[in-house]
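Subject: Structure for your review

Dear colleague,

Please find below the sequence and structure that I am handing over to you. My findings follow directly after them.

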Amino acid sequence: MHPIIFVSLGPGEPELITVKGLKALQKADCIFCPETRMQDGQTTSRAANIMHQLNIPENSIHRFPLSMSKQREKAIKAYEHVYMEALLLYKKDKRICIVAEGDAGFYSSVHYIFEKMHANGISVMHIAGIPAFIAAGAWSGLHVASQDERLTVIPGIATTEEIEKLICEKTVVIIMKLSKCTDEVHRCLHLHPEYQYHYFENIGTPNEKYLNDIHRIETLRFPYFSLLIIRPDTL
């Protein structure tokens, strides 16, 4: 039987997918793709948009609703449904892909499905992708980490005290999904204007943004697809 392939799409720019990932999508009979319902009732899918630009046929894309809520019950229920559907197709020896933006094994909740399949003896494969902070560094010309510098990546539940501790240890800090810690980031900006801040949002899309002006950053309410690179001023 063909393994179920978890394909990493990269941060948003279609050409940042790997050749291996693209070939897997082109051969797939069914591609499970998350979509989100907006407050106005319409649905949106950044993953589907990436695949459309790669000329992946719509009839091979099977969308499933994925809640962006902090409460994970709805997401787990959606993943359980994908698991069952994918299992039926797997038993028919279909070529199945499950996509994720960025890298499917890096702060990606679809890894819940991967782990369950692996635990139940289903053949799975993970195709690596480019995470947003790597693409952000390349786009802005920023060398994210040099020589012997240490790098710490944390999710958007960071506190100012945690950031202070890491910076004191001369570590470059990357915070993913800033919308979860907007107030704490604003507090850090106010208390530590001496740090170097590099702010990015919607990397790899037409709406991508890069700011390194602390006064402009502290006026923002951060969207879900945002990240911040903080460097000690002495590095």
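Predicted model: local features only at pLDDT ≥ 70, side-chain atom pairs only at ≥ 80, totals over all residues.

Aromatic pairs

The structure contains ten aromatic pairs. One of them joins F6 and F114 in an edge-to-face arrangement, with 5.2 Å centre to centre and 75 degrees between the planes. Because F6 belongs to strand β1 (residues 4–8) and F114 to helix α4 (residues 111–119), this pair ties together parts that are 108 residues apart in sequence. F6 is buried, at 1% relative accessibility, and F114 is buried as well, with a relative accessible area of 15%. Y195 and Y197 form a tilted pair, at 6.1 Å centre to centre and with 45 degrees between the planes. Both partners are buried: the relative accessible area is 9% for Y195 and 3% for Y197.

Charges over rings

Two contacts between a charged side chain and a ring may also interest you. R46 lies over the face of F225, at 3.7 Å from the ring centre. The charged end of K116 is placed over the ring of Y83, 4.6 Å from its centre.

Helix α6

Helix α6 spans residues 160–168, and its buried residues are T160, I163, L166 and I167. Viewed down the helix axis, these buried residues fall within an arc of 130 degrees, so they line one face of α6. On the face of α6 turned away from the buried side are the exposed residues K165 and C168. The cover over the buried residues of α6 includes β7 (150–154), β8 (171–176), α7 (182–191) and β11 (226–231). Just after α6, K170 adopts a positive phi of about 60 degrees.

Cysteines

How many disulfides does the structure have? The count comes to zero. For C33, the nearest cysteine sulfur is that of C30, 10 Å away, and C33 is in no disulfide.

Yours sincerely

Methods. Residues numbered from 1 in each chain as written. Heavy atoms only, no water. Disulfide = S-S within 2.5 Å. Buried < 20%, exposed > 50% of the residue type's maximum accessible area, 1.4 Å probe, protein only. Helix = DSSP H or I, 4+ residues; strand = E, 2+ residues; numbered from the N terminus. Arc of directions from axis to C-beta. Contact = heavy atoms within 4.5 Å. Phe/Tyr/Trp six-rings, centres within 6.5 Å; stacked < 30°, edge-to-face > 60°. Lys NZ or Arg CZ within 6 Å of the ring centre and 35° of its normal.
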